[in-house]
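Below, the labels attached to one model are questioned one at a time. Each reply sets a value against its cut-off and then concludes.

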Amino acid sequence: MRHRPPTVRLIACAILLSGVALSAAGCVTIGGNATTASLATPAAPRSDADWRLIAEQQGARYRANPADADAALAYAQALQALGERSQAVAVLQQASMRNPNNRALLGGYGKALADVGNYGQALDVLNRAHSPDQPDWRILSAQGAVLDQMGRHQDAQRYYASALKIVPDEPSVLSNLGLSYALAKDLPKAEATLRRAVERTGADPRVRQNLALVVGLQGRFPEAETIARADLPPEEAAANVAYLKQMMSDHNDWASLGPTKAQDRPTDKPSDRPTKPNAKKRPIEARNLEPAG
């Protein structure tokens, strides 16, 4: 299983995606954590051995009955946790063909598609996971996270706004919205939105890490480290801030951030841009958050 770096995260969803998990580790937020139209999220962290056991058990259950939507979702979640994302897509694709009207399954399938970078098909599937007369705020947030992955930040923000009309001040949606503003290079608005999310009851600790990220991107590293330290061991919080400093040095365009005009919106993630020669490269895992259910 691939080693994950400390929690410096900027969008890479999900997506973790808000509302629909884009990875079993959970977007986080674009970030998996059982919810309507999402892969279930464990109540507590699980080890690789735990996930392998779950994959073995749920895989046997799924193979015995490929039309079992619950088994398919549980098996796919375990596969994602083990890094087998393409196999998770294949499982959910087959299950959704057998259950074309199962919205939870469609939500999980859409999330899995986004997790492997198939954003166009992910949007199509997520569109079928709810309807205009019965909108699901989790799906709306997930759709926003996919659009953020595509660089369509203004479109994404409209989806988050629609989700917030259903669940005002939902911290996972606010966190995704804040990250969307950050990707659009409007860091003051990103910070204000993330502070609003952090203040909400039941906010996921990852929301505070997203806030620390945005504060750090504005060059306020001591404050960013203080925010990060609330949820992380001191050495990990310091490592995150050190990495932010390196990223700022490597990517000069983050040094003077302001709102990005629609025609100038970036389509790449900061981690996609080249680093300086000989610089130690560590990917930024940007994840949107998934709500707890």
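**Helices, burial and contacts**

Helix H10 has 13 residues, and the distance from its first C-alpha to its last is 19 Å, close to the 18 Å expected at 1.5 Å a residue, where the expected span is 1.5 Å times one less than the number of residues. This is a predicted model, in which local features need pLDDT of at least 70 and side-chain atom pairs count only at pLDDT 80 or more, while totals for chains, interfaces and linings use all residues. Residues are numbered from 1 along each chain as its sequence is written, and side-chain values use heavy atoms, with hydrogens and water left out.

Q: Why is H10 called largely enclosed by the rest of the structure?
A: Eleven of the 13 residues of H10 are buried, so the helix is largely enclosed; buried means under 20% relative accessible area, exposed means over 50%, and partly exposed lies in between, with a 1.4 Å probe and protein chains only. Among the buried residues of H10 are Arg-206, Gln-209 and Asn-210, as well as Leu-211 and Val-214. Across the 293 residues of the chain, 55% count as buried.

Q: What makes Val-214 count as buried?
A: Val-214, which lies in H10, has 0% relative accessibility and therefore counts as buried. Leaving aside residues up to four places away in sequence, Val-214 touches Ala-182, Leu-187, Ala-190, Glu-191 and Leu-194, where contact means heavy atoms within 4.5 Å. The C-alpha atoms of Val-214 and Ala-182 are separated by 7.0 Å, although the two residues are 32 residues apart along the chain.

Q: Why are H9 and H10 called roughly antiparallel to each other?
A: Helix H9 (residues 187-198) and helix H10 (residues 205-217) pack at an angle of about 155°, with their axes 9 Å apart. Axes are lines fitted to C-alpha atoms, for helices over the stretch in contact, and angles run from 0 to 180 degrees between N-to-C directions. Angles under 35 degrees count as roughly parallel, over 145 as roughly antiparallel, 65 to 115 as roughly perpendicular and the rest as oblique, and H9 and H10 are therefore roughly antiparallel.

Q: Which residues of H9 and H10 meet, and how do they divide by class?
A: Leu-187, Ala-190, Glu-191, Leu-194, Arg-195, Ala-197 and Val-198 of H9 meet Val-207, Arg-208, Asn-210, Leu-211, Val-214, Val-215 and Leu-217 of H10. These residues divide into ten nonpolar, one polar and three charged, given that Ala, Val, Leu, Ile, Met, Phe, Trp, Tyr, Cys and Pro count as nonpolar, Asp, Glu, Lys and Arg as charged, and the others, Gly among them, as polar.

Q: How do you know whether H4 is roughly parallel or roughly antiparallel to H5?
A: The axes of helix H4 (residues 103-115) and helix H5 (residues 119-127) come within 8 Å and cross at roughly 170°, and that angle makes H4 roughly antiparallel to H5.

Q: Is Lys-185 buried or partly exposed, and which of these is Asp-169?
A: Lys-185, in the loop between H8 and H9, has a relative accessible area of 16% and is therefore buried. Asp-169, in the loop between H7 and H8, has a relative accessible area of 27% and is therefore partly exposed.

Note on methods: Helix = DSSP H or I, 4+ residues; strand = E, 2+ residues; numbered from the N terminus.
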